[in-house]
Amino acid sequence: MAWRLLIPSDDREQEIRFRRYLIAVATSLLVVFLLGLCVVGGALPRRPFAVTSGIVLVSIGAFYFIIRTGLNRRARDPSLTVPMMVAAICTVTYTLYHLSAVRTAFLLVYPVIMFFGVLRLGTRQFLLVAVFIMSAYAFMIRLLSGKPGALDPMGIELLRGLVLGTVLVWFSFMGGYVHDLRWPLRESGYD
């Protein structure tokens with residue numbers, strides 16, 4: 001009974017959107033858990049972890065409210081794919097700024113965020129998200145360049161950025177390709 005109160009079930013599409021939202025929530029909480037391990041391991045200070053956790057919880061609540069009340073139906077994409085991705089990208093970038101030795105490992109979260117757009121975004125939209133990620137990452141690196149010892153040698157940082165950019169562009173094309181495959185399947189009756 002409580003489950004019915006939590007999940008909007010007034011129409012099938014809204015229920016599907018809510019289930020996708022729940023997958024995003026589970027992924028966000030998994031990342032928070034991993035960041036908690038970073039705190040225990042000394043790779044992330046407690047304060048940035050608390051801020052990140054707070055942002056994640058507020059985002060979860062805000063998107064739940066928007067979907068549960070049906071406000072999302074007014075958006076061009078009622079699944080709110082890009083707003084959720086942007087919120088996640090900004091949160092991850094903030095956290096990357098505060099991570100030390102494990103920063104490189106957490107760059108993997110960016111492609112995970114992009115994965116959530118596969119059902120909704122075409123190649124062009126994916127490329128715009130990739131540009132946003134790279135801009136946020138470059139801004140973070142610029143901020144860290146003013147802190148002694150916060151970065152690896154600039155050649156390594158540039159290589160890291162090049163690899164990240166390459167992966168994001170590749171993902172943009174592959175994600176767009178998968179997205180484009182869905183339309184012929186949907187028209188043929190399979191999905």
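How many positive and negative side chains does the protein have, and how far apart do the centres of the two sets lie? The protein carries 19 positive and 10 negative side chains, with 8 Å between the centres of the two sets. In this count Lys and Arg are positive and Asp and Glu are negative, while His and the chain ends are not counted. Each charge is placed at NZ of Lys, CZ of Arg, CG of Asp or CD of Glu.

The model is a predicted one, in which local features need pLDDT of at least 70 and side-chain atom pairs count only at pLDDT 80 or more, whereas totals for chains, interfaces and linings use all residues. Residues are numbered from 1 along each chain as its sequence is written, and side-chain values use heavy atoms, with hydrogens and water left out.

To begin with the overall fold, the protein has eight helices and zero strands, giving the pattern α-α-α-α-α-α-α-α along the sequence. Helices (H or I, at least four residues) and strands (E, at least two) are DSSP runs, numbered from the N terminus. The C-alpha trace spans about 55 × 40 × 25 Å along its principal axes. The accessible surface comes to about 11400 Å², and 71% of it belongs to carbon and sulfur atoms; such areas come from the Shrake-Rupley method with a 1.4 Å probe, and for residues only the protein chains shown count as cover. Of the 191 residues, 38% count as buried, where buried means under 20% relative accessible area, exposed means over 50%, and partly exposed lies in between (1.4 Å probe, protein chains only). Among contacts (heavy atoms within 4.5 Å) between residues at least 6 apart in sequence, 72% join residues at least 24 apart.

The interior comes next. In soluble globular proteins, nonpolar side chains tend to be buried together. A nonpolar core is a set of buried Ala, Val, Leu, Ile, Met, Phe, Trp, Tyr and Cys residues joined through side-chain atoms within 4.5 Å. The largest such core here has 32 residues, and the members that touch the most others are Leu96, Phe106, Tyr110 and Met114. Two or more residues come from each of helix H2 (12-41), helix H4 (81-98), helix H6 (109-115), helix H7 (123-144) and helix H8 (154-188). H7 gives the largest share, nine residues. Beyond residues up to four places away in sequence, Met114 touches Met85, Phe126, Val129, Ala130, Ile133, Leu168, Phe171 and Ser172. Another core, of 10 residues, lies apart from this one, and Val25, Ile60, Phe63 and Leu80 are among its members.

Two of the helices can be checked for length. The expected span of a helix is 1.5 Å times one less than its number of residues. H2, with 30 residues, reaches 44 Å from its first C-alpha to its last, close to the 44 Å expected. Just after H2 comes Gly42, with a positive phi of about 85°. H4, with 18 residues, reaches 26 Å between its end C-alpha atoms, close to the 26 Å expected. The buried residues of H4 are Thr81, Met84, Met85, Ile89, Thr91, Val92, Thr93, Thr95 and Leu96, and their cover includes H2, H3, helix H5 (103-106), H6 and H7.

Which residues does Val56 contact, leaving aside its neighbours within four places in sequence? They are Ser28, Val32 and Thr91. Val56 is in helix H3 and counts as buried because its relative accessible area is 11%. The C-alpha atoms of Val56 and Leu29 are separated by 7.9 Å, although the two residues are 27 apart along the chain. Pro48 also lies in helix H3 (residues 46-69), and its relative accessibility of 7% is why Pro48 counts as buried. Apart from residues up to four places away in sequence, Pro48 touches Tyr94 and His98. Its C-alpha atom is 8.9 Å from that of Leu99, 51 residues away along the chain.

Finally, two loop residues can be set side by side. Leu80, in the loop between H3 and H4, has a phi near 55°, a positive value in a residue other than glycine. With 9% relative accessibility, Leu80 counts as buried. Asp152, in the loop between H7 and H8, is partly exposed, with a relative accessible area of 37%. Leaving aside neighbours within four places in sequence, Asp152 is in contact with Glu157 and Arg160. Asp152 and Ala101 are 51 residues apart in sequence, and their C-alpha atoms are 9.8 Å apart in space.
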